[in-house]
Amino acid sequence: MGPTYHRNRIITLSVVGGVVVTLLGLFLSGTLAVKAAKTSAMSSKEYSSQEIDDTNDFWDDEGKLGEAKPVGPQGVEAPSNPNFRPPRTVDAEAVAAPYDEQTAIRGKIFFEVPGGVAECSGTVVSHPSGNMVWTAAHCLHGGRDGAFYKRVTFIPGYNGAGRTLAEKAPYGRWPARQVEVSDQWVEDADPERDSAASPFDFGAFTVQPPSGRQSLEEELGAGAEIMFNAPRNLVVDSFGYPGEEPYDGSELYTCHSPTTDFRNSGWPEPAMLWMGCTMTGGSSGGGWFAEVEGKRYLVSNISLGILTSSAETMTGPYLGNVARSLYDRF
């Protein structure tokens, strides 16, 4: 059945403040982990028209969507601050399908990595191009010694309950044209066990509209507005397509939780955000939304899952000046 996939390794890393902390990536490890030949530190890529045609042809095979598995880092070190308090567990709830245009700004990202095909989650965000999708960096690039993934495509409003490809992708498939991740991710991220680069686990890409389609935002309505340098300690709603048990990647889920800071010794600023949620691999890259002064914004994206002895949680990068700079590169 193709390549072998190993589940996340759950590793007890330390005892901090009397709490046993266990951390795991929100993607599977194993043969899909990126071990590409060393590349120059390029943090952007533009796919050629030939590559886009190849992407479309590749995903015309409906069976490949079903083969996609989560992939990425196994985990990070435990927080070194003895006074940290993890958020409480929040059970993810399914979002009713099929998804209308407003809900469909959230979708699944499919891509090819060495050894197989993989999946992530992403969000259409407001941009002058009308064609930008925000996600996690580890959904786009293998980090240090890695490269950009191939055949990246976005399916807004993906509905795994559909019987046909048209029902699963009611708004079409949108291949990536230009992809950007941060320089910090390319230079420092470990593709198997990320650590200091986690605060920069964000990325974005613009898509090439399918034949006969307008831009993503013209098809779906306005994308989510990103608030860079947003206030901390917000109450957020995260969205993603978890694909590990007890989920199967076919449905969009959400968690509602307050956030706190996630810090680690030796990590660069800004500190990550931390929320309670039971979503698993496949949800990475999905957006975190919060209301600030009466308006709803995207303020982060799903990065790493963290298990403590008392809670199931996840982190998201704080979208500060580096994230704003990345957005402005398009």
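1. The side chain of glutamate 112 meets that of arginine 151 in a salt bridge, 3.0 Å from N to O. Glutamate 112 sits in strand β7 (residues 106-113) and arginine 151 in strand β10, so this pair ties together parts that are 39 residues apart in sequence. A salt bridge here is a side-chain nitrogen of Lys or Arg within 4 Å of a carboxyl oxygen of Asp or Glu.

2. A quick word on what you're looking at. This is a predicted model, where local features need pLDDT of at least 70 and side-chain atom pairs count only at pLDDT 80 or more, while totals for chains, interfaces and linings use all residues. Residues are numbered from 1 along each chain as its sequence is written, and side-chain values use heavy atoms, with hydrogens and water left out.

3. Now the sheet. What is the order of the strands in the open sheet of 5 strands? The order is β6-β14-β13-β17-β18, and the pairing is antiparallel. At the edges are β6 (93-94) and β18 (295-301), each pairing on one side only. Strands are DSSP runs of E with at least two residues, helices are runs of H or I with at least four residues, and both are numbered from the N terminus. Two strands pair if DSSP finds at least two bridges between them.

4. Zoom in on β13 (residues 235-240) and β14 (residues 253-258): they pair in the antiparallel sense over 6 bridges. Aspartate 237 stands opposite histidine 256 in β14. Aspartate 237 is also buried, with a relative accessible area of 15%.

5. The side chains of aspartate 237 and arginine 296 meet at 3.2 Å, N to O. Because aspartate 237 lies in strand β13 and arginine 296 in strand β18, the pair ties together parts 59 residues apart in sequence. Arginine 296 is partly exposed, at 39% relative accessible area.

6. How many salt bridges are there by this rule? The count comes to 16. One of them joins the side chains of lysine 168 and glutamate 62, at 3.3 Å from N to O. Lysine 168 lies in helix α3 (residues 165-168) and glutamate 62 in helix α2 (residues 62-67), so parts 106 residues apart in sequence are tied together. Lysine 168 is buried at 17% relative accessible area, whereas glutamate 62 counts as partly exposed at 28%. Elsewhere, Arg232, Asp261, Arg263 and Glu269 are linked in a network of salt bridges.

7. On to the disulfides, which are pairs of cysteine sulfur atoms within 2.5 Å. The structure holds 2 of them. One joins cysteine 120 to cysteine 139, with 2.0 Å from S to S. Cysteine 120 is in strand β8 (residues 116-125) and cysteine 139 in the loop between β9 (132-135) and β10 (150-156), 19 residues apart. Why is this disulfide called left-handed? The torsion about its S-S bond is about -80°, so it is left-handed. Cysteine 120 and cysteine 139 are both buried.

8. Another disulfide joins cysteine 255 to cysteine 277, at 2.1 Å from S to S. Here cysteine 255 belongs to strand β14, while cysteine 277 is in the loop between β16 (272-276) and β17 (287-292), 22 residues apart. The torsion about the S-S bond of cysteine 255 and cysteine 277 is about 70°, so this disulfide is right-handed. Cysteine 255 and cysteine 277 are both buried.

Note on methods:
Buried < 20%, exposed > 50% of the residue type's maximum accessible area, 1.4 Å probe, protein only.
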